[in-house]
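Here is a friendly briefing to read alongside the model. Please have the sequence and the 3D view open as you go.

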Amino acid sequence: MIDLLDIEISHPHRAFGNKRIKVSDNRPATTSRFSSAVQLVPNGARINATSLRKGTAISIKCNPLKVLQGHNVFGTNNLRTLAAEIIVRVLDHLNIIYADDDVAAWVAGEFDIHAVDITHRYRLPENVTVFEIRQHMIRNMAFDQYRPSVLREGEGVRFNASSSYAGWIIYDKRKELEDKRHHAYPALGALLGEQADEVWKCLLVTAKMSARVELKLGKKYLEQRGLNRGSAWTLPTANEIYDRELAALRLERHNPMNVLRDSISAVTNPTHRRTLEMWASGSNLKTLFSRGSLAVHRKAIIDACGIDVERDVPAIDPLPVSQMFDVSNRLEGAPNWARQYPRAYVRFGAASQAVQHRAITNRKSRWGD
(Lines give C-alpha, C1' and ligand atoms only; values in the text may rest on other atoms or scores of the structure.)
Protein backbone atom coordinates (compact mmCIF):
# COMPACT_ATOMS: atom_id res chain seq x y z
CA MET A 1 0.00 0.00 0.00
CA ILE A 2 1.02 3.62 -0.46
CA ASP A 3 2.01 4.80 2.99
CA LEU A 4 3.31 8.31 2.27
CA LEU A 5 2.98 10.59 -0.73
CA ASP A 6 4.83 13.83 -1.48
CA ILE A 7 3.60 15.35 -4.73
CA GLU A 8 3.54 18.68 -6.58
CA ILE A 9 1.00 20.01 -9.07
CA SER A 10 1.22 23.00 -11.39
CA HIS A 11 -1.90 25.04 -10.69
CA PRO A 12 -2.40 28.83 -10.53
CA HIS A 13 -3.88 30.06 -7.25
CA ARG A 14 -3.76 32.81 -4.69
CA ALA A 15 -0.94 32.09 -2.22
CA PHE A 16 -2.20 30.58 1.04
CA GLY A 17 -0.91 29.67 4.49
CA ASN A 18 1.94 30.96 6.61
CA LYS A 19 4.95 32.68 5.07
CA ARG A 20 8.35 31.04 5.11
CA ILE A 21 11.10 33.64 5.29
CA LYS A 22 14.64 32.74 4.27
CA VAL A 23 17.37 34.80 5.95
CA SER A 24 20.97 34.93 4.66
CA ASP A 25 23.98 36.88 6.00
CA ASN A 26 24.90 38.40 2.62
CA ARG A 27 21.47 38.69 1.03
CA PRO A 28 18.19 40.31 1.96
CA ALA A 29 15.49 38.12 3.48
CA THR A 30 13.21 36.50 0.91
CA THR A 31 9.74 35.01 1.15
CA SER A 32 9.17 32.19 -1.31
CA ARG A 33 6.93 29.59 0.31
CA PHE A 34 3.57 29.65 2.03
CA SER A 35 2.68 26.53 4.00
CA SER A 36 -0.49 25.36 5.66
CA ALA A 37 -1.43 22.31 7.76
CA VAL A 38 -4.72 21.11 6.31
CA GLN A 39 -7.16 18.92 8.24
CA LEU A 40 -10.18 17.88 6.21
CA VAL A 41 -12.09 17.06 9.42
CA PRO A 42 -11.42 18.38 12.95
CA ASN A 43 -8.63 16.35 14.61
CA GLY A 44 -8.15 14.37 11.39
CA ALA A 45 -4.82 13.39 9.84
CA ARG A 46 -2.72 16.38 8.77
CA ILE A 47 -1.85 17.26 5.21
CA ASN A 48 1.11 19.58 4.59
CA ALA A 49 0.17 21.89 1.70
CA THR A 50 2.61 24.51 0.42
CA SER A 51 2.11 27.30 -2.10
CA LEU A 52 5.15 27.48 -4.41
CA ARG A 53 6.66 29.73 -7.05
CA LYS A 54 4.46 32.78 -6.59
CA GLY A 55 1.19 30.90 -6.69
CA THR A 56 1.84 28.68 -9.71
CA ALA A 57 2.41 25.33 -7.99
CA ILE A 58 1.26 23.48 -4.88
CA SER A 59 3.14 20.85 -2.89
CA ILE A 60 1.08 18.28 -0.95
CA LYS A 61 2.59 15.81 1.49
CA CYS A 62 0.63 13.39 3.66
CA ASN A 63 -0.21 9.82 4.47
CA PRO A 64 -3.16 9.47 2.08
CA LEU A 65 -4.63 6.41 3.79
CA LYS A 66 -4.75 8.11 7.19
CA VAL A 67 -6.55 11.02 5.55
CA LEU A 68 -9.08 8.90 3.66
CA GLN A 69 -9.73 5.98 6.02
CA GLY A 70 -8.41 7.16 9.40
CA HIS A 71 -5.52 4.66 9.60
CA ASN A 72 -2.77 3.04 7.53
CA VAL A 73 -2.76 -0.51 8.89
CA PHE A 74 -3.87 -1.73 5.44
CA GLY A 75 -4.84 0.00 2.21
CA THR A 76 -4.42 0.34 -1.54
CA ASN A 77 -1.51 0.66 -3.98
CA ASN A 78 -3.49 2.85 -6.38
CA LEU A 79 -1.13 5.83 -6.34
CA ARG A 80 -2.82 7.90 -9.05
CA THR A 81 -6.27 7.68 -7.52
CA LEU A 82 -4.99 8.35 -4.01
CA ALA A 83 -3.16 11.42 -5.29
CA ALA A 84 -6.19 12.70 -7.21
CA GLU A 85 -8.44 12.16 -4.19
CA ILE A 86 -6.09 14.13 -1.94
CA ILE A 87 -5.53 16.94 -4.47
CA VAL A 88 -9.25 17.51 -5.00
CA ARG A 89 -10.00 17.49 -1.27
CA VAL A 90 -7.16 19.87 -0.43
CA LEU A 91 -8.15 22.35 -3.13
CA ASP A 92 -11.77 22.19 -2.02
CA HIS A 93 -10.68 22.83 1.56
CA LEU A 94 -8.58 25.82 0.49
CA ASN A 95 -11.34 27.14 -1.83
CA ILE A 96 -9.05 26.92 -4.86
CA ILE A 97 -10.97 26.65 -8.14
CA TYR A 98 -10.11 23.96 -10.67
CA ALA A 99 -11.66 22.72 -13.93
CA ASP A 100 -12.88 19.35 -15.16
CA ASP A 101 -9.77 19.05 -17.32
CA ASP A 102 -7.57 19.57 -14.25
CA VAL A 103 -9.19 16.62 -12.47
CA ALA A 104 -8.82 14.42 -15.53
CA ALA A 105 -5.14 15.35 -15.75
CA TRP A 106 -4.50 14.47 -12.09
CA VAL A 107 -6.26 11.13 -12.50
CA ALA A 108 -4.01 10.51 -15.50
CA GLY A 109 -0.95 11.21 -13.33
CA GLU A 110 -0.06 14.77 -14.35
CA PHE A 111 1.84 15.64 -11.19
CA ASP A 112 5.39 15.34 -9.88
CA ILE A 113 6.33 12.85 -7.16
CA HIS A 114 9.07 13.82 -4.69
CA ALA A 115 8.76 10.87 -2.30
CA VAL A 116 6.66 7.77 -1.78
CA ASP A 117 6.61 4.98 0.80
CA ILE A 118 5.36 1.50 -0.14
CA THR A 119 4.45 -0.86 2.67
CA HIS A 120 3.52 -4.53 3.06
CA ARG A 121 2.54 -6.67 6.03
CA TYR A 122 4.04 -10.11 6.63
CA ARG A 123 2.76 -12.87 8.89
CA LEU A 124 4.87 -13.28 11.97
CA PRO A 125 5.98 -16.91 12.32
CA GLU A 126 4.96 -18.58 15.54
CA ASN A 127 7.20 -17.63 18.47
CA VAL A 128 8.83 -14.78 16.50
CA THR A 129 8.41 -11.12 17.48
CA VAL A 130 9.41 -7.94 15.66
CA PHE A 131 11.89 -7.29 18.46
CA GLU A 132 13.64 -10.58 17.70
CA ILE A 133 13.70 -9.76 13.98
CA ARG A 134 15.26 -6.40 14.79
CA GLN A 135 17.94 -7.93 17.00
CA HIS A 136 18.76 -10.58 14.41
CA MET A 137 19.13 -8.07 11.57
CA ILE A 138 21.24 -5.69 13.65
CA ARG A 139 23.61 -8.54 14.45
CA ASN A 140 23.75 -10.15 11.02
CA MET A 141 23.48 -7.41 8.38
CA ALA A 142 26.79 -5.99 7.12
CA PHE A 143 27.18 -2.55 8.73
CA ASP A 144 29.37 -1.18 5.93
CA GLN A 145 26.82 -2.23 3.31
CA TYR A 146 23.39 -1.73 4.90
CA ARG A 147 24.09 0.45 7.97
CA PRO A 148 21.27 -1.06 10.08
CA SER A 149 20.13 0.98 13.08
CA VAL A 150 17.44 0.81 15.76
CA LEU A 151 14.48 3.13 15.27
CA ARG A 152 14.41 6.16 17.55
CA GLU A 153 10.73 5.59 18.28
CA GLY A 154 8.85 2.31 18.54
CA GLU A 155 10.33 -1.10 17.90
CA GLY A 156 12.07 -1.85 14.63
CA VAL A 157 15.14 -1.51 12.44
CA ARG A 158 16.08 0.91 9.65
CA PHE A 159 18.63 0.16 6.92
CA ASN A 160 19.59 1.22 3.40
CA ALA A 161 19.74 -0.89 0.28
CA SER A 162 23.24 -1.25 -1.15
CA SER A 163 24.08 1.18 -4.01
CA SER A 164 20.58 2.63 -3.98
CA TYR A 165 18.68 5.65 -2.70
CA ALA A 166 16.00 3.28 -1.37
CA GLY A 167 15.64 2.82 2.38
CA TRP A 168 13.88 0.16 4.43
CA ILE A 169 12.12 0.04 7.80
CA ILE A 170 10.86 -3.08 9.57
CA TYR A 171 8.79 -2.28 12.62
CA ASP A 172 5.98 -3.20 15.00
CA LYS A 173 2.85 -1.37 13.85
CA ARG A 174 0.89 -2.17 17.01
CA LYS A 175 3.44 -0.39 19.19
CA GLU A 176 3.28 2.62 16.87
CA LEU A 177 -0.52 2.70 17.13
CA GLU A 178 -0.35 2.58 20.92
CA ASP A 179 2.23 5.39 21.06
CA LYS A 180 0.10 8.43 21.87
CA ARG A 181 2.66 10.76 20.28
CA HIS A 182 1.44 9.59 16.86
CA HIS A 183 -2.19 10.58 17.57
CA ALA A 184 -3.44 7.45 15.80
CA TYR A 185 -6.67 7.06 17.73
CA PRO A 186 -7.81 10.71 17.48
CA ALA A 187 -7.31 10.59 13.69
CA LEU A 188 -9.41 7.43 13.48
CA GLY A 189 -12.11 8.84 15.75
CA ALA A 190 -12.31 12.05 13.72
CA LEU A 191 -13.27 10.06 10.63
CA LEU A 192 -15.25 7.10 12.00
CA GLY A 193 -17.04 8.66 14.96
CA GLU A 194 -18.97 6.10 17.05
CA GLN A 195 -17.43 3.15 15.19
CA ALA A 196 -13.89 4.18 16.12
CA ASP A 197 -13.68 2.07 19.32
CA GLU A 198 -14.69 -1.14 17.53
CA VAL A 199 -12.40 -0.51 14.58
CA TRP A 200 -9.51 0.45 16.89
CA LYS A 201 -9.65 -2.91 18.68
CA CYS A 202 -9.67 -4.74 15.34
CA LEU A 203 -6.74 -2.68 14.06
CA LEU A 204 -4.64 -3.53 17.13
CA VAL A 205 -5.27 -7.26 16.65
CA THR A 206 -4.47 -7.04 12.93
CA ALA A 207 -1.28 -5.06 13.55
CA LYS A 208 -0.10 -7.45 16.26
CA MET A 209 -0.15 -10.43 13.88
CA SER A 210 2.31 -9.02 11.37
CA ALA A 211 5.66 -7.36 10.76
CA ARG A 212 5.54 -4.09 8.85
CA VAL A 213 8.12 -3.77 6.05
CA GLU A 214 8.30 -0.34 4.44
CA LEU A 215 10.23 0.76 1.35
CA LYS A 216 11.08 4.47 1.34
CA LEU A 217 11.78 6.07 -2.04
CA GLY A 218 13.23 9.58 -2.17
CA LYS A 219 13.46 12.16 -4.93
CA LYS A 220 16.79 10.97 -6.38
CA TYR A 221 15.63 7.36 -6.58
CA LEU A 222 12.44 8.38 -8.40
CA GLU A 223 14.24 10.71 -10.81
CA GLN A 224 16.91 8.15 -11.74
CA ARG A 225 14.26 5.57 -12.66
CA GLY A 226 11.74 7.84 -14.37
CA LEU A 227 9.21 7.39 -11.59
CA ASN A 228 8.95 11.04 -10.57
CA ARG A 229 5.73 11.59 -12.55
CA GLY A 230 2.40 10.13 -11.59
CA SER A 231 1.79 9.06 -15.20
CA ALA A 232 4.65 6.54 -14.83
CA TRP A 233 2.67 4.63 -12.17
CA THR A 234 0.08 2.04 -13.05
CA LEU A 235 -1.68 -0.20 -10.51
CA PRO A 236 1.05 -2.92 -10.54
CA THR A 237 3.95 -0.42 -10.34
CA ALA A 238 4.18 -0.21 -6.56
CA ASN A 239 4.45 -3.98 -6.13
CA GLU A 240 6.91 -4.29 -9.01
CA ILE A 241 9.27 -1.73 -7.45
CA TYR A 242 8.87 -3.21 -3.99
CA ASP A 243 9.60 -6.78 -5.12
CA ARG A 244 12.59 -5.67 -7.20
CA GLU A 245 14.19 -3.78 -4.32
CA LEU A 246 13.44 -6.58 -1.87
CA ALA A 247 15.14 -9.07 -4.19
CA ALA A 248 18.18 -6.76 -4.38
CA LEU A 249 18.67 -7.21 -0.61
CA ARG A 250 19.51 -10.90 -1.27
CA LEU A 251 18.02 -11.95 2.03
CA GLU A 252 18.58 -15.60 1.13
CA ARG A 253 22.29 -15.03 1.79
CA HIS A 254 21.71 -13.75 5.32
CA ASN A 255 22.06 -15.99 8.35
CA PRO A 256 18.77 -17.66 9.36
CA MET A 257 17.10 -16.81 12.65
CA ASN A 258 17.11 -19.35 15.45
CA VAL A 259 13.50 -20.10 16.35
CA LEU A 260 12.08 -22.25 19.12
CA ARG A 261 10.28 -25.31 17.80
CA ASP A 262 8.06 -25.44 20.89
CA SER A 263 4.91 -23.33 20.84
CA ILE A 264 5.35 -20.38 23.19
CA SER A 265 2.87 -17.96 21.61
CA ALA A 266 0.57 -18.39 24.62
CA VAL A 267 3.19 -16.84 26.92
CA THR A 268 2.17 -13.18 26.79
CA ASN A 269 3.61 -12.02 30.10
CA PRO A 270 6.79 -10.06 29.19
CA THR A 271 8.72 -11.25 32.25
CA HIS A 272 7.93 -14.91 31.63
CA ARG A 273 8.67 -14.44 27.93
CA ARG A 274 12.16 -13.16 28.77
CA THR A 275 12.69 -16.15 31.05
CA LEU A 276 11.79 -18.43 28.15
CA GLU A 277 14.18 -16.59 25.86
CA MET A 278 17.01 -17.02 28.35
CA TRP A 279 16.15 -20.73 28.68
CA ALA A 280 16.14 -21.06 24.87
CA SER A 281 19.57 -19.43 24.65
CA GLY A 282 21.01 -22.02 27.03
CA SER A 283 21.30 -19.81 30.14
CA ASN A 284 21.44 -21.51 33.52
CA LEU A 285 18.29 -20.12 35.10
CA LYS A 286 19.26 -21.41 38.56
CA THR A 287 22.12 -18.92 38.65
CA LEU A 288 19.89 -16.04 37.50
CA PHE A 289 16.88 -16.49 39.79
CA SER A 290 16.32 -17.32 43.40
CA ARG A 291 14.68 -20.69 44.04
CA GLY A 292 11.35 -19.04 44.86
CA SER A 293 11.32 -16.75 41.80
CA LEU A 294 12.26 -19.57 39.45
CA ALA A 295 9.47 -21.73 40.86
CA VAL A 296 6.94 -18.96 40.17
CA HIS A 297 8.19 -18.48 36.61
CA ARG A 298 8.33 -22.22 35.99
CA LYS A 299 4.72 -22.80 37.05
CA ALA A 300 3.41 -19.83 35.02
CA ILE A 301 5.22 -21.00 31.88
CA ILE A 302 4.02 -24.60 32.28
CA ASP A 303 0.44 -23.36 32.68
CA ALA A 304 0.74 -21.12 29.61
CA CYS A 305 2.48 -23.38 27.10
CA GLY A 306 3.48 -26.65 28.76
CA ILE A 307 7.24 -26.07 28.70
CA ASP A 308 9.18 -26.96 31.83
CA VAL A 309 12.22 -24.68 31.92
CA GLU A 310 13.93 -26.89 34.53
CA ARG A 311 13.52 -30.27 32.81
CA ASP A 312 12.97 -29.62 29.10
CA VAL A 313 15.75 -28.95 26.58
CA PRO A 314 15.01 -26.27 23.96
CA ALA A 315 14.69 -27.47 20.35
CA ILE A 316 15.83 -24.83 17.85
CA ASP A 317 15.06 -24.62 14.13
CA PRO A 318 16.69 -22.24 11.61
CA LEU A 319 14.27 -19.80 9.93
CA PRO A 320 15.60 -18.11 6.74
CA VAL A 321 14.85 -14.38 6.69
CA SER A 322 14.02 -14.65 2.98
CA GLN A 323 11.27 -17.14 3.83
CA MET A 324 9.78 -14.75 6.38
CA PHE A 325 9.57 -11.93 3.82
CA ASP A 326 8.56 -14.06 0.84
CA VAL A 327 5.55 -13.08 -1.29
CA SER A 328 3.75 -16.22 -0.08
CA ASN A 329 3.94 -14.89 3.49
CA ARG A 330 2.63 -11.44 2.55
CA LEU A 331 -0.75 -10.26 3.86
CA GLU A 332 -2.61 -8.69 0.95
CA GLY A 333 -5.70 -6.50 0.99
CA ALA A 334 -7.90 -5.92 4.01
CA PRO A 335 -8.85 -8.40 6.76
CA ASN A 336 -12.36 -9.85 6.68
CA TRP A 337 -13.60 -7.70 9.55
CA ALA A 338 -13.13 -4.55 7.43
CA ARG A 339 -16.28 -5.46 5.46
CA GLN A 340 -18.35 -4.43 8.47
CA TYR A 341 -16.81 -0.95 8.48
CA PRO A 342 -16.79 0.43 4.91
CA ARG A 343 -15.32 3.78 5.95
CA ALA A 344 -12.26 2.04 7.43
CA TYR A 345 -11.17 0.69 4.04
CA VAL A 346 -11.11 2.87 0.92
CA ARG A 347 -12.05 0.86 -2.15
CA PHE A 348 -11.64 2.22 -5.66
CA GLY A 349 -13.76 0.77 -8.44
CA ALA A 350 -13.86 2.92 -11.55
CA ALA A 351 -11.38 5.20 -9.88
CA SER A 352 -11.06 8.05 -12.36
CA GLN A 353 -14.81 8.32 -12.85
CA ALA A 354 -15.43 8.37 -9.10
CA VAL A 355 -12.89 11.13 -8.50
CA GLN A 356 -14.14 13.26 -11.38
CA HIS A 357 -17.79 12.82 -10.45
CA ARG A 358 -17.25 13.81 -6.84
CA ALA A 359 -15.00 16.72 -7.78
CA ILE A 360 -17.50 18.13 -10.24
CA THR A 361 -20.37 17.63 -7.79
CA ASN A 362 -18.46 19.42 -5.02
CA ARG A 363 -17.61 22.35 -7.26
CA LYS A 364 -21.17 22.73 -8.54
CA SER A 365 -22.43 22.72 -4.96
CA ARG A 366 -19.87 25.35 -3.96
CA TRP A 367 -20.51 27.62 -6.94
CA GLY A 368 -24.30 27.26 -6.80
CA ASP A 369 -24.64 25.90 -10.39
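Let's begin at L288, which touches M278 and S283 when residues up to four places away in sequence are not counted; contact here means heavy atoms within 4.5 Å. Please keep in mind that this is a predicted model, in which local features need pLDDT of at least 70 and side-chain atom pairs count only at pLDDT 80 or more, while totals for chains, interfaces and linings use all residues. Residues are numbered from 1 along each chain as its sequence is written, and side-chain values use heavy atoms, with hydrogens and water left out.

- L288 belongs to helix α12, residues 285-288; helices (H or I, at least four residues) and strands (E, at least two) are DSSP runs numbered from the N terminus.
- With 47% relative accessibility, L288 counts as partly exposed, on a scale where buried means under 20% relative accessible area, exposed over 50% and partly exposed in between (1.4 Å probe, protein chains only).
- From C-alpha to C-alpha, L288 and T275 are 9.7 Å apart in space, and they are 13 residues apart in sequence.

**Helix α13**
- The 15 residues of α13 (291-305) reach 21 Å from first C-alpha to last, close to the 21 Å expected at 1.5 Å a residue; the expected span is 1.5 Å times one less than the number of residues.
- Which residues of α13 are buried? They are L294, H297 and I301.
- Seen down the axis of α13, these buried residues fall within an arc of 65 degrees, so they line one face of the helix; the arc is taken from the directions from the helix axis to the C-beta atoms.
- As background, an α-helix has 3.6 residues a turn, so residues three or four places apart point the same way.
- The buried residues of α13 pack against α11 and α12, whereas R291, V296, K299 and D303 are exposed on the other side.
- Following α13 comes G306, with a positive phi near 90 degrees.

**A buried serine**
- S210 lies in strand β10 and is buried, at 4% relative accessible area.
- Leaving aside neighbours within four places in sequence, S210 is in contact with R121, Y122, L124, V130 and L331.

- Most residues other than glycine have a negative phi.
- R147, in the loop between α5 (143-146) and β7 (149-150), has a positive phi of about 50 degrees.
- H183 has a positive phi of about 55 degrees; H183 sits in the loop between α6 and α7 and counts as exposed at 53% relative accessibility.

**Pockets**
- A pocket is an open set of points on a 1 Å grid over the protein atoms alone, where a 1.4 Å probe fits, with protein on both sides within 12 Å along at least five of seven lines; lining residues have an atom within 4 Å of a point.
- The largest pocket holds about 1,000 Å³ of space, a volume being the space filled by probe spheres set on the points.
- Its lining has 36 residues, and N63, K66, N72, E176 and H182 lie nearest the centre of the largest pocket.
- Elements giving two or more residues to that lining include β1 (2-10), α6 (173-178) and β10 (210-217).
- The second largest pocket has a volume of about 830 Å³, and of its 26 lining residues, V128, T129, D172, K208 and R273 are closest to the centre.
- α11 gives the most to the lining of the second largest pocket, with 4 residues.
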